[in-house]
Amino acid sequence: ICNQLFINFAEQLNLFDEIIGINIKLFNKNLFHRFKKIKEISKFSFYKVIHTTYSRDYYVGDSIVRALNSRCKIGCRSDTFNQSWIHLQISNFWYSDLVETGNFLQFEKNRNEKFLQNIGIEVEKIKYILPVLEVENIISSSYEDYILICPGATELQRCWSPISFSKLINILCRKYNFNIILCGAIADKKLSNLIIKNCNNKRVKDLVGKTNIVQLIELIRNADFIIGNDSAPIHISYAVNRPSICISGGNNFERFVPYPNNLECAPITIFSE
């Protein structure tokens, strides 16, 4: 069961027998849609349900687990980052087993490995690389050598300013022959418009709001390197072995970035002390 936006990506991994998509926005805001979806998934019977998220969400992940028909429901012993203390105490009762993974500030990849090991799943030592995905070509041949810049994030406070990105792009265009591609969700369009306005360079291509998750992954895989905030593109770059630079505002520092130095092709994190 996953975010509906990731269904095409999940299908191409060939890891799952069946995938159920959840429209998170509708599930949260439309009671009729929520009731209909919960009724739909409650018809399934599972031997075991595993919910891997550490910072659980009472209204989405935990509510979905509650609706699923299974005697064995395994979750992560959560913090209160995404839900209140009262909601956490309530939702804890919806699980048959809560797995300890350690304190809040630890690298998320290490936490995920602990979770798997604590439920008896062996973790491979070899780094997993996302396989090449089937996607239509959305880059012309003239954009073979490019730097991918992703100026957005789920929270505005995690975003470097558009003016700063513009200044960086102008320096890159002046010193190097790379093309620049801006990428992100439709919600990042205001940011990209401001960046484009202050760049005025024909080598800058704006694909913000024009790509799905599969296209984004392959854009990252084919880039010379990636620059972005502490957000999905930086973590995808690690998963496809591409060099990247993360500009961090300090949000959840040491949990998602910086990466440990011993990891292959780990993002370089820049931050202000």
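Helices here are DSSP runs of H or I with at least four residues, strands are E runs of at least two, and both are numbered from the N terminus. Keep that in mind as you click around. What you have open is a predicted model, so local features need pLDDT of at least 70 and side-chain atom pairs count only at pLDDT 80 or more, while totals for chains, interfaces and linings use all residues. Residues are numbered from 1 along each chain as its sequence is written, and side-chain values use heavy atoms, with hydrogens and water left out.

**Stop 1: helix α6**

Select lysine 109 and glutamate 113. They form a salt bridge, with the closest N and O atoms 2.8 Å apart; the term means a side-chain nitrogen of Lys or Arg within 4 Å of a carboxyl oxygen of Asp or Glu. Why can these two meet? They sit four residues apart in helix α6, so about one helical turn separates them. Both are partly exposed, glutamate 113 at 23% relative accessibility and lysine 109 at 30%. (Buried means under 20% relative accessible area, exposed over 50%, and partly exposed in between, using a 1.4 Å probe and protein chains only.)

**Stop 2**

Now pick glutamate 108 and arginine 255. Their side chains meet in a salt bridge at 2.8 Å, N to O. This pair joins distant parts of the chain, 147 residues apart: glutamate 108 belongs to α6 (residues 108-118), and arginine 255 to the loop between β10 (244-247) and β11 (268-270). Are they buried or exposed? Both arginine 255 and glutamate 108 are buried.

**Stop 3**

Show β3, β4 and β5 next. These three strands make an open sheet in that order, with parallel pairing; two strands pair if DSSP finds at least two bridges between them. At the edges are β3 (49-50) and β5 (97-99), each pairing on one side only. Zoom in on isoleucine 50, whose bridge partner in β4 is isoleucine 74. Bring α6 back into view: the helix lies across β3, β4 and β5 and runs at about 150° to β4. (Axes are lines fitted to C-alpha atoms, for helices over the stretch in contact, meaning heavy atoms within 4.5 Å; angles run from 0 to 180 degrees between N-to-C directions.)

**Stop 4**

Finally, select lysine 37 and glutamate 40, whose side chains form a salt bridge (3.5 Å, N to O). Lysine 37 is buried at 14% relative accessible area, and glutamate 40 is partly exposed at 36%.
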